[in-house]
Each structure stands twice: as C-alpha cells, then as structure tokens.
Amino acid sequence: MNTTKTIDVLNSLIEINNDRIEGYQTASKETKENDLLTLFAKFIQTSQHCKQELVSEVLELNGTVTEGTRATGKFFRVWMDVKAVLTGMERKEILNSCEFGEDKAQETYNTALTTDLEYITPEQQTLLNAQRALLKAEHDIVKDLRDKA
C-alpha cells in the first residue's frame with residue numbers, strides 16, 4: 001500500500017469536510033430561518049465528526065493533516081456571498097447552493113471509494129462508506145427541502 005497516496009486520499013476528504021463546514025457557516029449567515037439554522041448547525045457537526053475520524057487516520061499513518069479547503073470550495077463560498085449581496089438569498093437559492101456543495105462532497109467520497117480504492121484499507125473503506133452514507137442522507141434532506149421551496 002502506498003502510504004503517501006492513502007494520506008492524499010484521506011486529506012482530500014478532510015478538505016471536502018472543511019468545505020462543508022465553511023459552506024454551512026456561510027449559508028447560516030445568509031438566512032434567518034430557524035429550521036435552516038438548526039439544520040446547518042447539525043450538518044456542521046456531522047462534518048466536524050467525519051473530519052476528526054479522518055484526521056485520526058492520517059495521524060495513525062504519521063501523515064500531515066491538511067488544514068485548508070479546496071479552491072473550488074473557496075470560490076463557491078465567495079460566489080454565494082456575492083449572490084447574496086446582489087439578489088438577497090431566498091430559501092430556495094440557499095438550498096440550491098447547499099445542494100451544489102453536497103454534490104461535491106458525494107463526488108469526492110465516490111472517487112475515494114472507486115478510483116482510489118486500492119490506496120485505502122478495508123477498515124478505511126468501512127469508515128468512508130459510513131461517512132458517505134451520513135452525508136448522502138443530509139444531501140437528500142437538502143434536496144427535499146429545495147424541491148419543496
């Protein structure tokens with residue numbers, strides 16, 4: 001097993017969870033709706049938990065944990081802020097933006113569990129599958145709310 005590649009895969013998942021945390025913090029600033037604020041806080045906690053599990057895996061491999069976010073995540077948050085200033089964020093627009101981020105999280109986990117599968121152990125696969133399922137359930141909540149808005 002290529003430990004360096006394993007650490008890279010795990011760090012990409014840490015980054016997407018960092019993106020998710022920052023994305024929902026941004027979305028929370030764009031709404032006053034209590035149900036969304038509560039939901040976004042829950043989603044932040046989910047990503048903080050996933051991130052901590054991934055950090056433990058990287059440290060166990062004596063790797064360096066990434067602290068940042070992906071460039072696409074930074075661009076997306078800036079775009080969300082600009083859009084809010086120009087148009088005023090309505091519920092459906094906020095949820096649309098959140099679903100975009102959720103799709104990116106699913107893509108990142110899917111890549112790790114398909115394209116990069118050779119670099120992760122069976123135990124890590126189990127962990128990543130569980131995290132992907134958690135995030136998929138939250139994705140579906142966002143999509144359902146968006147469709148109802």
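Modeller: One term before we start: helices here are DSSP runs of H or I, at least four residues long, numbered from the N terminus. And keep in mind that this is a predicted model.

Biologist: Fine. Where is Ala112, then?

Modeller: Ala112 sits in helix α4.

Biologist: Buried or exposed?

Modeller: Buried. Its relative accessibility is 1%, and buried means under 20%.

Biologist: What is Ala112 in contact with, beyond its neighbours within four places in sequence?

Modeller: Val9, Leu13, Leu117, Ile120 and Leu128.

Biologist: Leu128 came up. What does that one touch?

Modeller: Setting aside residues up to four places away in sequence, Leu128 touches Leu13, Leu54, Tyr109, Ala112, Leu113 and Ile120.

Biologist: Now the core. How many residues in the largest nonpolar one?

Modeller: It has 19 residues. Those with the most contacts inside it are Leu13, Ile14, Leu54, Val58, Tyr109 and Leu128.

Biologist: Which elements give two or more residues to it?

Modeller: α1 (3–29), α2 (34–60), α4 (91–113) and α5 (122–148).

Biologist: And which gives the most?

Modeller: α1, with six residues.

Biologist: What other core lies apart from that one?

Modeller: One of 12 residues. Ile21, Leu36, Ile94 and Val142 are among them.

Biologist: Switching to rings. How many aromatic pairs?

Modeller: Two. Tyr24 and Phe40 make a tilted pair, 5.1 Å centre to centre with 40° between the planes. That pair links distant parts of the chain: Tyr24 is in helix α1 and Phe40 in helix α2, 16 residues apart. Both of these residues are buried.

Biologist: What about Tyr24 and Phe43?

Modeller: Their ring centres are 5.2 Å apart and the planes are at 75°.

Biologist: Why is that pair edge-to-face?

Modeller: Because its planes are at 75°, and over 60 degrees counts as edge-to-face.

Biologist: Which helices does this pair link?

Modeller: Helix α1, which holds Tyr24, and helix α2, which holds Phe43. The two residues are 19 apart, so to speak, in distant parts of the chain.

Biologist: Is Phe43 buried or exposed?

Modeller: Phe43 is buried, as is Tyr24.

Biologist: And what do Tyr24, Phe40 and Phe43 form together?

Modeller: One aromatic cluster.

Terms used: Residues numbered from 1 in each chain as written. Predicted model: local features only at pLDDT ≥ 70, side-chain atom pairs only at ≥ 80, totals over all residues. Heavy atoms only, no water. Core = buried A, V, L, I, M, F, W, Y, C linked by side-chain atoms within 4.5 Å. Buried < 20%, exposed > 50% of the residue type's maximum accessible area, 1.4 Å probe, protein only. Contact = heavy atoms within 4.5 Å. Phe/Tyr/Trp six-rings, centres within 6.5 Å; stacked < 30°, edge-to-face > 60°.
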